[in-house]
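Visitor: I have a structure up on my screen and a few things to ask. Could you walk me through it?

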Amino acid sequence: MTLSKPRRLALALAVASATFANAMAADVIYTADKLLDVRSGKMLNKPQVLVRDGRIVAVKQAPESFPADAVPRIDLPGMTLLPGLIDMHVHLDSDPLYSGYTGLEYSDRFWSMLTVPHAARTLDAGFTTVRNVGSGDFNDVGLSEATREGKVRGPRVIPAGPALGATGGHCDITGFPASMAQKSPYNIDSPDEARKRVREVRKYGAQVIKLCATGGVFSHNTEPGQQQMTLAEMTAAVDEAHQWGLQVAAHAHGTSGIKAAILAGVNTIEHASLIDDEGIALAKKHGAWLSMDIYNTDYTQSEGKKNGVLEDNLRKDRDIAELQRQNFRRANKAGVKMVFGTDAGIYPHGDNAKQFAVMVRYGMTPLQAIQAATLNASEALASKDVGVIEAGRYADMIAVAGDPTSDVTVLEHVAVVIKGGEVVKQVKP
């Protein structure tokens with residue numbers, strides 16, 4: 001009897017799973033039809049990946065191979081292996097179903113609980129590492145700890161804790177009257193306050209600093225083009241963060257805010273919607289990475305109103321959507337360094353990979369889009385642990401049917417997810 005490809009895959013995984021579960025610290029070899037080397041862009045035929053204690057020891061391809069009886073094997077017939085994907089901009093304690101003022105119906109701890117299913121969906125989508133750039137109540141710090149301890153299924157989470165913004169700006173608590181006295185305790189209104197806020201959020205677990213340099217789309221009484229944090233304030237925050245060994249991400253839609261953030265030494269510019277030629281040149285000169293969320297408007301414009309998004313927010317979303325996508329095209333063509341960031345939480349978690357097709361539609365090759373979510377993201381994180389299938393890195397891998405360098409949409413259907421050498425998701429026959 002000849003088994004279908006999905007049944008062969010399921011059988012191979014089932015046979016290997018018992019051995020693997022009992023020998024987490026032992027060696028295991030993963031095999032597949034192909035493996036994408038994200039450094040060279042080449043496909044390796046009949047790869048074999050040797051894993052020990054959750055890290056990659058060696059990678060071979062035919063005709064080289066490890067001895068047939070060397071260690072337990074997990075065979076993935078018909079599959080292509082890639083590094084686990086990295087989303088550099090998510091909000092795991094946000095849910096688009098509760099938008100506008102509808103979230104006020106729930107307690108503060110409701111959002112903490114939502115991180116658990118959101119993390120699982122993100123992992124199942126093939127994203128084994130995420131950078132959570134802004135959360136309430138340090139929810140992302142707790143989630144990072146819980147996933148690290150194996151208490152929660154999810155990706156490796158790099159938390160920012162609360163985003164740091166200006167009084168009355170995006171990332172402050174706006175939309176309420178003075179009688180309610182609502183405000184973020186982490187506002188920055190001077191260079192000295194910038195240094196203090198960085199120290200405070202680092203103290204409570206932030207592993208990256210998130211600044212809000214300009215107004216935003218989904219905030220009250222701000223416009224995306226408005227600069228709301230001064231160059232001096234951002235420079236102080238960046239200097240303090242870098243002194244502690246932390247990198248800095250800046251929410252920056254507007255032209256002047258983007259330039260100021262780059263001049264301040266920010267590592268990644270988030271959104272970069274209205275970047276102009278001067279901003280593109282500055283990004284290239286200073287080596288800043290752009291993280292441009294060019295998929296989520298498809299969701300917000302179709303579903304936002306029913307989810308409670310206010311019309312003023314939808315108006316801002318419409319105004320900048322195509323501008324951002326065209327500026328993505330221009331920046332990529334100019335050779336600016338790009339990473340994959342989606343703003344998950346504005347759209348449903350687990351749909352992260354839908355952005356790949358939009359990146360290709362607006363000028364990237366499939367390989368460039370994949371590199372943005374693997375090699376480039378690891379470099380932007382200054383991490384030698386993730387992003388590439390090579391010796392010394394975590395054995396974080398995904399397997400898909402087909403060639404994603406020919407059809408990037410296959411990444412929307414990840415068959416197998418491997419985190420730290422362990423199969424954490426597999427397709428059922």
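This is a predicted model: local features need pLDDT of at least 70, side-chain atom pairs count only at pLDDT 80 or more; totals for chains, interfaces and linings use all residues.

Visitor: Then how far apart are N and O in the salt bridge of Asp 312 and Arg 315?

Guide: Both residues lie in helix H9, residues 311-333. They are three residues apart, about one turn of the helix. Asp 312 is partly exposed at 37% relative accessibility, and Arg 315 is partly exposed at 26%. Their side chains meet in a salt bridge with an N to O distance of 2.6 Å.

Visitor: In the pair of Glu 303 and Lys 306, which residue counts as exposed?

Guide: The cut-off for exposed is over 50% relative accessible area. Glu 303 has 24%, so it's partly exposed. At 63%, the exposed one is Lys 306.

Visitor: Arg 153 forms a salt bridge with Asp 124. How many residues apart in sequence are the parts that this pair ties together?

Guide: The closest N and O atoms of Arg 153 and Asp 124 are 2.7 Å apart. Arg 153 lies in the loop between helix H3 (139-148) and strand S8 (156-159), while Asp 124 is in helix H2, so the pair ties together parts whose separation in sequence is 29 residues.

Visitor: Is Leu 104 buried or exposed?

Guide: Leu 104 is in the loop between strand S6 (85-90) and helix H2 (108-124). Together with Tyr 101 and Leu 310, Leu 104 forms a nonpolar patch on the surface, with about 290 Å² of accessible area for the three together. Its relative accessible area is 57%, so Leu 104 counts as exposed.

Visitor: What is the bridge partner of Ile 418 in S16?

Guide: Strand S15 (residues 416-419) has Val 416 and Ile 418 pointing one way and Val 417 and Lys 419 the other, and all are buried. S15 pairs antiparallel with S14 (residues 397-401) over three bridges, where Met 397 stands opposite Ile 418. S15 also pairs antiparallel with S16 (residues 422-426), over four bridges. In S16, the partner of Ile 418 is Val 423.

Visitor: Which residue in the hairpin of S15 and S16 takes a positive phi?

Guide: This hairpin has two residues between the strands. The phi in question is near 60°, and the residue that takes it is Gly 420.

Visitor: Which backbone oxygen does the side chain of Ser 378 reach?

Guide: Ser 378 is in helix H12, residues 375-380. At 1% relative accessibility, it falls under the 20% cut-off, so Ser 378 counts as buried. Leaving aside neighbours within four places in sequence, its contacts are Ile 86, Ser 383, Val 386, Gly 387 and Arg 393. The side chain reaches, at 2.7 Å, the backbone oxygen of Leu 375.

Visitor: And what is the relative accessible area of Thr 374?

Guide: Thr 374 is found in the loop between helix H11 (366-372) and H12. Not counting residues up to four places away in sequence, Thr 374 touches Val 38, Pro 83, Gly 84, Leu 85, Ile 86 and Gly 387. Thr 374 counts as buried, with a relative accessible area of 0%.

Conventions:
Residues are numbered from 1 along each chain as its sequence is written. Side-chain values use heavy atoms; hydrogens and water are left out. Patches are made of residues with over 30% relative accessible area and no salt bridge: like charges are joined within 9 Å, nonpolar side chains (Val, Leu, Ile, Met, Phe, Trp, Tyr) within 5 Å. Accessible areas come from the Shrake-Rupley method with a 1.4 Å probe; for residues, only the protein chains shown count as cover. A salt bridge is a side-chain nitrogen of Lys or Arg within 4 Å of a carboxyl oxygen of Asp or Glu. Buried means under 20% relative accessible area, exposed over 50%, partly exposed in between (1.4 Å probe, protein chains only). A polar contact is a pair of N or O atoms within 3.5 Å; within protein, one must be able to donate a hydrogen and the other to accept it, and residues adjacent in sequence count only if both atoms are side-chain atoms. Contact means heavy atoms within 4.5 Å. Two strands pair if DSSP finds at least two bridges between them.
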